[in-house]
Number of protein chains: 2
Amino acid sequence: MGTTLKDIARECGVDVATVSRALNEVYGVRRETRQKVLAAAARLNYRPNRLAKGLATGRSHTLAMVISDIRNPFFAELARGAEDAAYQAGYELVLCNSDLSPSKQVRYIHTLLEKRVEGILMNTVAGLSPAEQEELSGSGVPIVLLNRPPASIRGFSTVLADNYEGGHLAGNYLVECGHRVIGHLTGPREHGNLAERAKGFQKAVEGARATALIVRGHHSGEGAYEMMKKLLSQRKDVTAIFAANDAMAFGAMRAVFDAGLRVPEDLSMVGFDNVELAGIVRPPLTTVHQPKYEMGRAAVEILLRRATRPDHSTPEHRLLEVKLVVRESSRILKGRRNQQGLSS
Amino acid sequence: MGTTLKDIARECGVDVATVSRALNEVYGVRRETRQKVLAAAARLNYRPNRLAKGLATGRSHTLAMVISDIRNPFFAELARGAEDAAYQAGYELVLCNSDLSPSKQVRYIHTLLEKRVEGILMNTVAGLSPAEQEELSGSGVPIVLLNRPPASIRGFSTVLADNYEGGHLAGNYLVECGHRVIGHLTGPREHGNLAERAKGFQKAVEGARATALIVRGHHSGEGAYEMMKKLLSQRKDVTAIFAANDAMAFGAMRAVFDAGLRVPEDLSMVGFDNVELAGIVRPPLTTVHQPKYEMGRAAVEILLRRATRPDHSTPEHRLLEVKLVVRESSRILKGRRNQQGLSS
DNA sequence: CTGAAAGCGCTTACAG
DNA sequence: CTGAAAGCGCTTACAG
């Protein structure tokens, strides 16, 4: 069916090696010969077999991303950034949804290694056993993570938003708005990014001698809904909430509404991520913006850099800036300060 | 670095052919030999090179999806369904964002064919030239489209929601709610799926001797915002709107709010797709549900079926059911009928 | 049941 | 500049 180098070689009366050179290299082949080969290739509608090429060169020209779920807008945005960067470099991106299941993650990784992908973008390796993490980091393919890996394992690159700074921004903002008792809904301690946000938040709040109430549960809308309900029943003095991500903020808002309270009149709400929905819900959500698209791009750039220069194999680490986006879900409590300078 | 069949063969004192058989086939190899090979493979941490395997067998075990933009929640949902089906079958899915740009689509397709993917899921081929469409359909790899292709081209499979029925449901519902002048915001005539929705809608409305106002523009939130503004300034008698997709409905709602009107008190609004956001905005959007996840699955199932039985190459066509989801953005105008039977 | 050989379609030193 | 050869790592008739 497909025409191969051999067909072109026969057609032109030259060797396949010459055809290969003519098609790939800029010189090392006589102009005339090259033209003849190119013409024949076009005429025969030649399509190189990339599997064969990959086998011969050891390069597959494909990258992969193993994330929890592409339906999560955070990952969709990230994926788009990653794929754009890959496309520009002539690479393909394979999409894997792991649901954070360790067994799925392991299966994906094995298959990807067998397909000789040249780099993998993963949100985390936290679910893998130490042995699996070691195996991965020693597998030879570049990996970039979106969460800080255990300190014991070397070899992973990372692309991180400045989570600590983001938490600090949120905490500081709420304190400056005059809030004195502020709840923080977050996930399990093991989740590195969330832990950083909590730390930054706590630092800002307690540094201002206000009270930070840390509530842990599942870091999802559902989880936050439950946490919020419980918190409302226990502490009447809370006037503001910082949720560890936007999905949690939406869940928490539902619980607030269900309790017959208003946002921001009764309770200020701040999220993290700045997904598109944050600007659309009522009231629009104040949140910490993460440069999701850029993070995807940055991750692929690192992968590509490491794939093409296997010589120096020290991992790269990239920290991206976050910023506070003030919308209508939060308000100044006692007007001690004006809002100038806060809303940047 | 990687251990190969040859290493295992040497280790076990057998031929690579035997190793290959032991690793792949269930019989044709003595039990004992098989065990020995398996043990050695495990010990040496053998990972088959899929590029080599693919070259030898002609099968890449990968599928691809070429869509406009993964950030569109419709496609994210679809992608998840597709990837789940692929994963279960032991296939990988490569993600391509075309923005519907013909040149990007063509470049993606060429690369994918060169990588010998075994099937491609594409939203549409409408942007390609007839020659390109012919080339694609004759390329030998199974293709499933999410839009009806030009009648002139044979060979494409399709997975479609019942767009006509969906439009009909929407039109019929609004008529039964008592609306007599109903606007329909839609896209260009060439867009097959939207055209079907418009047809079904018109049939239902005009069949009931009510007035259907078709407004065309860009099928996006922005486009709908503009259309709606214009419509409001021209026709004061419109009491309901059917938007060709949810994003358009959201845009139209913004225009309604900007004009100082209320939904559904002044204007009923119905969308199409039932993206997650539809249930979250205020007021929650009445819309026609499309089974996006299932469409993704169905598409991959067709691709796989056709990839594994290249014998009968007639395309498959799958039509999926839609249903009306009544929420709070629409209301009964004059109460001529009760809502029973409408909300199913 | 197993080995030896040829082949999948490319690339890349090595000669000339 | 070009050809002949070997190799990438697998599979699969063909013998035995």
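Mentor: The domain bounds used here come from an automatic or database domain assignment. The model is predicted. On that basis, chain A is divided into domain 1 (5–48), domain 2 (62–162 + 293–321) and domain 3 (164–290).

Let us turn to the sheet. In chain A, six strands make up an open sheet whose order is β7-β6-β8-β9-β10-β12, with mixed pairing. Its edge strands are β7 (211–216) and β12 (323–325) of chain A, each of which pairs on one side only. Direction ignored, neighbouring strands of this sheet are turned by 20° against each other on average.

Within the sheet, one pair deserves attention. Strand β9 (residues 268–273) of chain A runs parallel to strand β10 (residues 286–289) of chain A, and four bridges join the two. In this region Val270(A) stands opposite Thr286(A), a residue of β10(A). Helix α11 (residues 246–258) of chain A packs on the sheet, where it touches β6 (181–186), β8 (240–243), β9 and β10 of chain A. The direction of helix α11 of chain A makes about 155° with that of β9(A).

The relation between two of the domains comes next. The C-alpha centres of domain 2 and domain 3 of chain A are 29 Å apart. Contact between them involves seven residues of domain 2 of chain A and eleven residues of domain 3 of chain A. On the domain 2 side of chain A, the touching residues comprise four nonpolar, one polar and two charged.

Beyond chain A, there is the contact with chain B. Chain B and chain A each bring 33 residues to this contact. On the chain B side, the elements giving two or more residues are α4, α5 (73–88), β2 (92–97) and α6 (102–114) of chain B. By class, that side of chain B has 15 nonpolar, six polar and twelve charged residues.

The surface near DNA strand D divides into 13 nonpolar, nine polar and four charged residues.

Methods
Residues are numbered from 1 along each chain as its sequence is written. Chains are lettered from A and ligands numbered from 1 in the order in which they are written. This is a predicted model: local features need pLDDT of at least 70, side-chain atom pairs count only at pLDDT 80 or more; totals for chains, interfaces and linings use all residues. Two residues are in contact if their C-beta atoms, placed from the backbone, lie within 7 Å. Ala, Val, Leu, Ile, Met, Phe, Trp, Tyr, Cys and Pro count as nonpolar, Asp, Glu, Lys and Arg as charged, and the others, Gly among them, as polar. Two strands pair if DSSP finds at least two bridges between them. Axes are lines fitted to C-alpha atoms, for helices over the stretch in contact, and angles run from 0 to 180 degrees between N-to-C directions.
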